[in-house]
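This briefing concerns a single model and is arranged by topic. Please consult the sequence and the structure shown here before reading the points that follow.

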Amino acid sequence: MNGDAVRLLVWREALHFDRFEDLPCVLCGGRTPMRSHADEPVHKVCAEQWNYTHSDAPRRRAGTRDLGTRRFHDDAPTASKPTNVRHLPQRPTPDALTLELPITERKPA
């Protein structure tokens, strides 16, 4: 990954979206339904840009994983859900068949 790339935030939880009211973004002033973990109205892209320009800000971590700055960070990682996937046996692929249609006589109009 390029060191100069802006790191995208993972905001999957519903708490990041206010479906009732758009408020002015604390960073750009534009109206937004998005909310940070601290309930600040902020566009996700504005928060990502703020994290990029404030790389020296205190960080939030989950184990060894960097979640972003304390002000704007990722949702906490969740444990993987167990999956009960049943793998079906592989069937042989049928050979290609040539389709032969019957030729019918057309009645003159």
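The model is predicted. Setting aside its neighbours within four places in sequence, Thr69 is in contact with Trp50, Asn51, His54, Ala57, Pro58, Arg59 and Arg60. Among these contacts of Thr69 is Trp50, a residue that also belongs to the largest nonpolar core.

- Thr69 is part of strand β4, which covers residues 65-69.
- With a relative accessible area of 0%, Thr69 is buried, because a residue counts as buried when this value is under 20%.
- A polar contact of 2.5 Å joins the side chain of Thr69 to the side chain of Asn51.

- Strand β3 (residues 59-62) pairs with β4 in the antiparallel sense, and four bridges connect the two strands.
- Ala62 has Arg65, in β4, as its bridge partner.
- Two residues stand between the strands of this hairpin, and Gly63 adopts a positive phi near 70 degrees there.

- The structure contains one aromatic pair, formed by Trp50 and Phe72 in an edge-to-face arrangement, with 5.4 Å from centre to centre and 85 degrees between the planes.
- Trp50 belongs to helix α1 (residues 44-53) and Phe72 to the segment after β4, so the pair ties together parts that are 22 residues apart in sequence.
- Trp50 and Phe72 are both buried.
- Arg71 places its charged end over the ring of Trp50, at 5.1 Å from the ring centre.

**The largest nonpolar core**

- The largest nonpolar core comprises 10 residues: Leu9, Trp11, Cys25, Met34, Val42, Cys46, Ala47, Trp50, Ala57 and Phe72.
- In soluble globular proteins, nonpolar side chains tend to be buried together.
- Met34, a member of this core, is in contact with Trp11, His16, Phe17, Glu40, Pro41, Val42 and Lys44, leaving aside its neighbours within four places in sequence.
- Of these contacts of Met34, Trp11 and Val42 are also listed in the core.

- Pro33 lies in the loop between β2 (31-32) and α1.
- Between Pro33 and His43, which are 10 residues apart in sequence, the C-alpha to C-alpha distance is 8.0 Å.
- Apart from neighbours within four places in sequence, Pro33 is in contact with His16, Phe17, Asp18, Glu21 and Asp22.

Conventions. Residues are numbered from 1 along each chain as its sequence is written. This is a predicted model: local features need pLDDT of at least 70, side-chain atom pairs count only at pLDDT 80 or more; totals for chains, interfaces and linings use all residues. Side-chain values use heavy atoms; hydrogens and water are left out. Buried means under 20% relative accessible area, exposed over 50%, partly exposed in between (1.4 Å probe, protein chains only). A polar contact is a pair of N or O atoms within 3.5 Å; within protein, one must be able to donate a hydrogen and the other to accept it, and residues adjacent in sequence count only if both atoms are side-chain atoms. Contact means heavy atoms within 4.5 Å. Rings of Phe, Tyr and Trp (its six-membered ring) pair if their centres lie within 6.5 Å; planes under 30 degrees apart count as stacked, over 60 as edge-to-face and the rest as tilted. A charge sits over a ring if NZ of Lys or CZ of Arg is within 6 Å of the ring centre and within 35 degrees of the ring normal. A nonpolar core is a set of buried Ala, Val, Leu, Ile, Met, Phe, Trp, Tyr and Cys residues joined through side-chain atoms within 4.5 Å. Two strands pair if DSSP finds at least two bridges between them.
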